Amino acid sequence: MDDSDAANAAAFRKMGLGSAQRHVFLCVGPDCCASTAGLATWEVLKRRLALSGVPVMRTKAACLRICQGGPWLLVYPEGIWYGGVTPERCERIVQEHLVGGRIVQEWVVERYPLPGMISS
Ligand code: FES
């Protein structure tokens with residue numbers, strides 16, 4: 001193992017790849033929503049996930065290619081697309097879906113688990 005392999009392995013451990021049960025992507029705009037709104041939701045997502053301790057990886061995205069009706073929160077492996085994710089909605093999605101495992105059906109705009117992914 002060379003230095004870059006060791007650095008990569010350390011980075012994967014730090015991001016929680018080995019224990020992650022979900023990966024969420026939040027688009028913070030600027031086309032689907034105002035960037036200020038997207039970033040406000042992002043801050044809630046980061047804080048609530050850290051407080052919850054659930055093994056979820058998170059990625060801040062600049063575009064998920066729908067470009068309207070955001071901020072969008074995409075949850076894998078379920079392939080759930082939540083639209084219009086305000087900070088208040090984000091709090092509930094984290095608590096009910098990411099911690100509790102219950103999808104917040106009323107805010108689901110689309111569901112598309114990628115082929116081969118486990119659906120719950
Ligand atoms: S800018 Fe958010 S989906 Fe394109």
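This is a short chat about the structure above, a predicted model.

Biologist: What are the ground rules for this model?

Modeller: The model is predicted, so local features need pLDDT of at least 70 and side-chain atom pairs count only at pLDDT 80 or more, while totals for chains, interfaces and linings use all residues. Residues are numbered from 1 along each chain as its sequence is written, and side-chain values use heavy atoms, with hydrogens and water left out.

Biologist: Which residues have the most contacts inside the largest nonpolar core?

Modeller: Val24, Leu45, Leu49, Leu73, Tyr82 and Leu98, in a core of 21 residues. A nonpolar core is a set of buried Ala, Val, Leu, Ile, Met, Phe, Trp, Tyr and Cys residues joined through side-chain atoms within 4.5 Å. Buried means under 20% relative accessible area, exposed over 50%, partly exposed in between (1.4 Å probe, protein chains only).

Biologist: Which elements give two or more residues to this core?

Modeller: β1 (22-27), α2 (35-52), β3 (73-76), β4 (80-82) and α3 (87-99). Helices (H or I, at least four residues) and strands (E, at least two) are DSSP runs, numbered from the N terminus.

Biologist: What does the second, separate core include?

Modeller: Ala61, Trp72, Leu74 and Trp81 are among its nine residues.

Biologist: Back to Tyr82. What is Tyr82 in contact with?

Modeller: Leaving aside neighbours within four places in sequence, its contacts include Trp72, Leu73, Ile93, His97 and Trp107. Contact means heavy atoms within 4.5 Å.

Biologist: Where does α3 bend?

Modeller: At Ile93, by about 30°. The bend is the angle between axes fitted to the seven residues ending there and the seven starting there.

Biologist: Which residues of α3 are buried?

Modeller: Cys90, Ile93, Val94, His97 and Leu98. Their cover includes β1, α2, β2 (56-61), β3 and β4. Just after α3, Gly101 takes a positive phi of about 80°.

Biologist: New topic. How many salt bridges are there?

Modeller: Six. The rule is a side-chain nitrogen of Lys or Arg within 4 Å of a carboxyl oxygen of Asp or Glu.

Biologist: Which residue does Glu91 form a salt bridge with?

Modeller: Arg47, with the closest N and O atoms 3.4 Å apart. Glu91 lies in helix α3 and Arg47 in helix α2, so the pair ties together parts 44 residues apart in sequence. Glu91 is partly exposed at 30% relative accessible area, and Arg47 is partly exposed at 44%.

Biologist: And Arg92, which salt bridges does it form?

Modeller: Arg92 pairs with Glu96, closest N and O atoms 2.8 Å apart. Both lie in helix α3, four residues apart, about one turn of the helix. Arg92 also forms a salt bridge with Glu106, again with the closest N and O atoms 2.8 Å apart. Glu106 sits in the loop between α3 and β5 (108-111), 14 residues from Arg92. Salt bridges that share partners also join Arg47, Arg48 and Glu91 into one network.

Biologist: Is Arg48 buried or exposed?

Modeller: Buried, at 16% relative accessibility. Arg48 is in helix α2. Not counting residues up to four places away in sequence, Arg48 touches Glu91, Val94 and Gln95.

Biologist: Last one. Where does Gly79 lie?

Modeller: In the loop between β3 and β4. Gly79 is buried, at 0% relative accessibility.
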